[in-house]
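Here is a short report for a first look at this structure. Keep the sequence and the 3D view side by side as you read.

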Amino acid sequence: MINESIFDDIKQINGYLGIGISQYTGELLLFDKANDNINLEETSVIFNDVFRSSHALSKKLSLGNTKVMEITTENSKILMACSGEESSVHLHVFAIFKNDGNVALAKMVLPKILNKSVSELS
């Protein structure tokens, strides 16, 4: 089973606000947040629905599977990544950063988190 130590690297990245891992069905498996202003428990289902919609759209357009999405808001950047529909455990991870956070580094860390999660849950 995965535990919170899987988030240690991403939590150290400048601008980190929160992260969550969910099953493809939307069930939140694990999360962490830098403060209580972000309600990841409730919003994770919405993030998951957005990502699933992107999966369906990219397939419909014959573009292949959606791997990573980035949403820029007025105050933040939201990254969503997928372990892959072909993986032994289909997971989605989402991370939230301040606009001036090191999102480039976070994009490199997310696949590592997904790989470790899939490995531990397989």
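## A loop residue with positive phi

Start in the loop between α2 and β3, where Ser-62 lies. This is a predicted model. Ser-62 is not a glycine, yet its phi is positive, at about 55 degrees. Most residues other than glycine have a negative phi. Ser-62 is also exposed, with 66% relative accessibility.

## Helix α2

Helix α2 spans residues 40-60, which makes 21 residues. From its first C-alpha to its last it reaches 29 Å. That is close to the 30 Å expected at 1.5 Å a residue.

The N-terminal end of α2 has a cap, and Asn-39 provides it. A side-chain oxygen of Asn-39 lies 3.3 Å from the backbone nitrogen of Glu-41.

## Two faces of α2

Which residues of α2 are buried? They are Leu-40, Ser-44, Phe-47, Asn-48, Phe-51, Ser-54, His-55 and Ser-58. These residues cover an arc of only 120 degrees around the axis, so they sit on the same side of α2. The general rule is simple: an α-helix has 3.6 residues a turn, so residues three or four places apart point the same way.

What covers the buried residues of α2? The cover includes five strands: β1 (16-23), β2 (28-33), β3 (68-72), β4 (76-82) and β5 (91-98). The face turned away from the buried side carries exposed residues. These are Glu-42, Ile-46 and Lys-60.

## Ser-122, after α3

Now move to the segment after α3 (103-121), where Ser-122 has its place. Is Ser-122 buried or exposed? Ser-122 is exposed, because its relative accessible area is 60% and the cut-off for exposed is over 50%.

Ser-122 still has partners. Leaving aside residues up to four places away in sequence, Ser-122 touches Ser-88 and Val-89. With Ser-88 the polar contact runs from side chain to side chain, at 2.5 Å. The side chain of Ser-122 also reaches the backbone oxygen of Val-118, at 2.6 Å.

How far is Ser-122 from Val-68? Their C-alpha atoms are separated by 22 Å, and the two residues are 54 residues apart along the chain. Val-68 falls within the range given for β3 (68-72), one of the strands that cover the buried residues of α2.

Key: Residues are numbered from 1 along each chain as its sequence is written. This is a predicted model: local features need pLDDT of at least 70, side-chain atom pairs count only at pLDDT 80 or more; totals for chains, interfaces and linings use all residues. Side-chain values use heavy atoms; hydrogens and water are left out. Helices (H or I, at least four residues) and strands (E, at least two) are DSSP runs, numbered from the N terminus. The expected span of a helix is 1.5 Å times one less than its number of residues. Buried means under 20% relative accessible area, exposed over 50%, partly exposed in between (1.4 Å probe, protein chains only). The arc is that of the directions from the helix axis to the C-beta atoms. Contact means heavy atoms within 4.5 Å. A polar contact is a pair of N or O atoms within 3.5 Å; within protein, one must be able to donate a hydrogen and the other to accept it, and residues adjacent in sequence count only if both atoms are side-chain atoms.
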